[in-house]
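I opened this entry to look up aromatic contacts. I wanted the pairs, where they sit, and how buried they are.

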Amino acid sequence: MQNVNKLFFNKIGNIERENNININYIVNIINSMSRLNNQSTFVIDFDSHKLIYKSARLLYLDEITDKDLKRNCENPYWSLISDETLEKLLLIHENYPWVSKELSDFEFMEHVCVIDFPISVRNHELYITQKFTPVTLRNDGLTQIGLFTVCHSNKTDIECQIISPLGKRFCFDFCRCEFEEINIIQILSSTEKTILNRIRMGMTNKEIAQNLCLSINTVKTHRAHIFKKLGVNNISEALTVIGNYQFE
């Protein structure tokens with residue numbers, strides 16, 4: 001039986017961080033943030049694998065039954081995954097060190113790992129999007145405090161992408177069992193880049209259609225293609241992924 005705690009991401013580096021962390025201060029900030037969004041938010045101490053904070057309501061968890069629980073884990077959603085899903089997540093974890101080597105210490109400290117995977121709720125499978133980012137690192141560069149958010153996913157397959165603050169993006173290929181760096185500028189067409197820039201400017205579908213002399217349905221189709229290529233569920237996630245790219 002695989003140990004689910006192996007899923008906690010870490011990286012050995014040379015970053016110097018103070019170990020004297022004011023946990024209460026961090027929790028108060030995150031608690032304030034969680035009041036402003038509609039996502040599950042929780043914080044885990046990686047040294048002890050202990051849950052040190054969770055938002056008042058965690059999505060779906062008030063609906064689960066004892067039969068849904070597959071194992072005990074401080075990450076409540078990993079307690080709801082099948083052994084098959086666990087194997088796939090562990091495969092991602094095993095290949096994670098390669099990505100960490102491609103990131104500078106600064107990039108690792110501020111990277112975001114996004115994984116879509118299924119959980120069991122009342123014996124039904126549904127997909128969630130779990131996002132993780134470090135809050136603090138230990139002196140040896142290992143993640144000390146990690147922040148997780150969870151929301152509903154529209155995906156139907158397990159997917160993983162890692163995004164750095166400098167715009168690097170890595171996607172996991174289950175056929176090749178390895179991460180692949182994706183150049184966002186290359187995978188989007190010129191029209192998609194133009195529409196994405198208009199969206200970033202706050203324009204509506206109707207305004208974009210009028211501005212580019214396109215039909216609204218054409219704009220919607222391009223938006224759907226953008227979401228699919230970027231591996232995101234909505235425009236907010238799309239803008240997060242491409243935030244460090246400047247499209248012409």
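My notes on the rings follow.

I worked on a predicted model. I ran the search for aromatic pairs over the whole structure, and it returned 10.

I took Trp78 and Phe148 to begin with. Their ring centres lie 6.0 Å apart and the planes meet at 90°, so I logged the pair as edge-to-face, the class for angles over 60 degrees. Next I looked up where the two residues sit. Trp78 is in the loop between strand 2 (50-54) and helix 2 (83-102), while Phe148 belongs to strand 5 (residues 143-152). The pair therefore ties together parts that are 70 residues apart in sequence.

Are these two buried or exposed? I checked each against the cut-off for buried, under 20% relative accessible area. Trp78 has 3% relative accessibility, so I put it down as buried. Phe148 has a relative accessible area of 2%, so it is buried as well.

I then turned to Phe132, which also pairs with Phe148. I noted 5.0 Å from centre to centre and 45° between the planes, a tilted arrangement. Phe132 lies in strand 4 (residues 124-137) and Phe148 in strand 5, so this pair links parts 16 residues apart in sequence. Phe132 counts as buried too, at 2% relative accessibility.

Which cluster holds these rings? I found Trp78, Phe132 and Phe148 in one aromatic cluster with Phe42, Phe46 and Tyr77.

Lys88 lies over the face of Phe174, 5.8 Å from the ring centre.

Definitions and conventions
Residues numbered from 1 in each chain as written. Predicted model: local features only at pLDDT ≥ 70, side-chain atom pairs only at ≥ 80, totals over all residues. Heavy atoms only, no water. Phe/Tyr/Trp six-rings, centres within 6.5 Å; stacked < 30°, edge-to-face > 60°. Helix = DSSP H or I, 4+ residues; strand = E, 2+ residues; numbered from the N terminus. Buried < 20%, exposed > 50% of the residue type's maximum accessible area, 1.4 Å probe, protein only. Lys NZ or Arg CZ within 6 Å of the ring centre and 35° of its normal.
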